[in-house]
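Got your viewer open and ready to click around? Here is a short tour, stop by stop.

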Amino acid sequence: MTSTDQRRDIPRIDHLLAVPEVVAAGEWVSQHTIRGVVNDVVMSARRGAVEAGNVEALVVDAVTRLSPSSSRPVLNATGIVVHTNLGRAPLSAAAIEALVTASGYTDVELDLGTGVRSKRGEPTISALLAACPAAESALVVNNGAAALSLVVTAFAAGRDVVISRGELIEIGAGFRLTDLIESTGPRLKEVGTTNRTHLNDYAQAMSASTGCVLKVHPSNYTVEGFTASVTLPELSVLAADHDVPLVADLGSGLLRPEAALPHEPDVTTALTAGADLVIVSGDKLMGGPQAGIILGNADMVAACSAHPLARAFRSDKLTLAALEATLRGSTTPVECYLLADEPTLRDRANRLGNEVGAPAVRHDGRVGGGGAPGVPLPGWAVQLPEGVARRLRVGDPSVLARVHEGHCLVDLRCIPESADAALAVAISRALDS
Ligand SMILES: *Cc1c(COP(=O)(O)O)cnc(C)c1O
């Protein structure tokens, strides 16, 4: 129990709030947050859990560690380039700069030359069309799921979305495309089987109630063996015969073919092959901010823009600015990590291994984020005891390594070379503690 005497020694709240370090913390966190911290320490002292003489020091320690944001940077040592749990694509320097500029008042819907209201996100659309001339028009919404929902609702609310059973996918965290599609009114018209779907299956499903034909790239798994699927050129003839759009949900976000990922679909190829509308995410292989992008036929994109849901799904100014800069800026981190040179990764891993006294081993990275499933990206990792993984994760900087077959593997692919020194320190500390 705390004696009355000891309680009397607990500093008053007013006194604590006037301590210079506590006043200084008010520059970056709210008074409400600071009062909460001060109250917590004082209450602990009243309960006897903290000595009265330590209260001021504890308050100072706590407020100086306060931050208005709890989000922490993480060094991605998993070798997975688009890591969903780590926020998918890390932004390029150009995108970060654009974000900061756009964070204040900005000309997102105003032509500064004429002083007249302009179309929201016009420069971002121009950047998309410049990067992908196969598209006549484009629309940016909140994410890939919103883009898909908007397209099927605009063309197939109360009607059928014709789709192969081999493409009814769950993407992650229980998110099923089928539930999403049906949630705003379209009906699914499933055709074919899990492993084989033929053109005739689609043809038989077409009717006066068909709203659109949807082809989904099964981004996070592959079906191997006795399989058959129908190509976009074949489907495009069928869709045109029934005067309905052919929509391709590609997921990954490549605008043009990428030699390093020969099996990954891209927007240019899909549009050239006959898709009317293509849907991709901005924060997967495109390497930009979270966004859903609809590209293709101008009238159909306009129909999507005019739908009331477009307003509910619209992108904010920060996304539009970052996406434009991603497209117009130099190489994105995603591209850089994806194409990282294997001998360079080996040299870095050897150097790091020597510094921390651990072996460098071959380790394949992955595209991740539901892209190029099963495609290995040859690289290198430093191999540590399994128990180190947790200490690395909670360290500063936080390092997320891969735990595999009893080892903690630190893969260098997705770590900027400028962070190698900090990584070596983090590992040495984790090994010592
Ligand atoms: C990732 C993905 C989506 C969902 O996109 P989000 O941007 O995560 O909403 C939809 N379809 C496919 C094929 C995908 O790979």
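We'll visit the ligand, then a loop residue, then the nonpolar cores.

Before clicking, know that this is a predicted model, where local features need pLDDT of at least 70 and side-chain atom pairs count only at pLDDT 80 or more, while totals for chains, interfaces and linings use all residues. Residues are numbered from 1 along each chain as its sequence is written, and side-chain values use heavy atoms, with hydrogens and water left out.

**Stop 1: the ligand**

(Helices, H or I, of at least four residues and strands, E, of at least two are DSSP runs, numbered from the N terminus.)

Now zoom in on the atoms. A ligand oxygen is 2.8 Å from a polar backbone atom of glycine 144, and a ligand oxygen is also 2.8 Å from a polar backbone atom of alanine 145. A ligand nitrogen, meanwhile, is 2.7 Å from an N or O atom in the side chain of aspartate 249. Taken alone, the ligand exposes 380 Å², and the protein buries 95% of that (Shrake-Rupley method, 1.4 Å probe).

**Stop 2: threonine 78**

Jump to the loop between β1 (74-77) and β2 (80-82), where threonine 78 sits. Is threonine 78 buried or exposed? It counts as buried because its relative accessibility is 6%, and the cut-off for buried is under 20% (1.4 Å probe, protein chains only).

Show the side chains: a polar contact (N or O atoms within 3.5 Å) of 2.5 Å joins threonine 78 and asparagine 76. A polar side-chain atom of threonine 78 also lies 3.1 Å from the backbone nitrogen of isoleucine 80.

**Stop 3: the nonpolar cores**

A nonpolar core is a set of buried Ala, Val, Leu, Ile, Met, Phe, Trp, Tyr and Cys residues joined through side-chain atoms within 4.5 Å. Select Tyr202, Val213, Val267, Val278, Val280 and Leu295: they have the most contacts inside the largest core, which has 35 residues. Helix α11 (residues 232-241) gives the most to this core, with four residues. Apart from it lies another core, of 30 residues, including Val151 and Leu309.

Terms used: Polar contact = N/O pair within 3.5 Å; in protein donor to acceptor, adjacent residues only side chain to side chain. Buried < 20%, exposed > 50% of the residue type's maximum accessible area, 1.4 Å probe, protein only.
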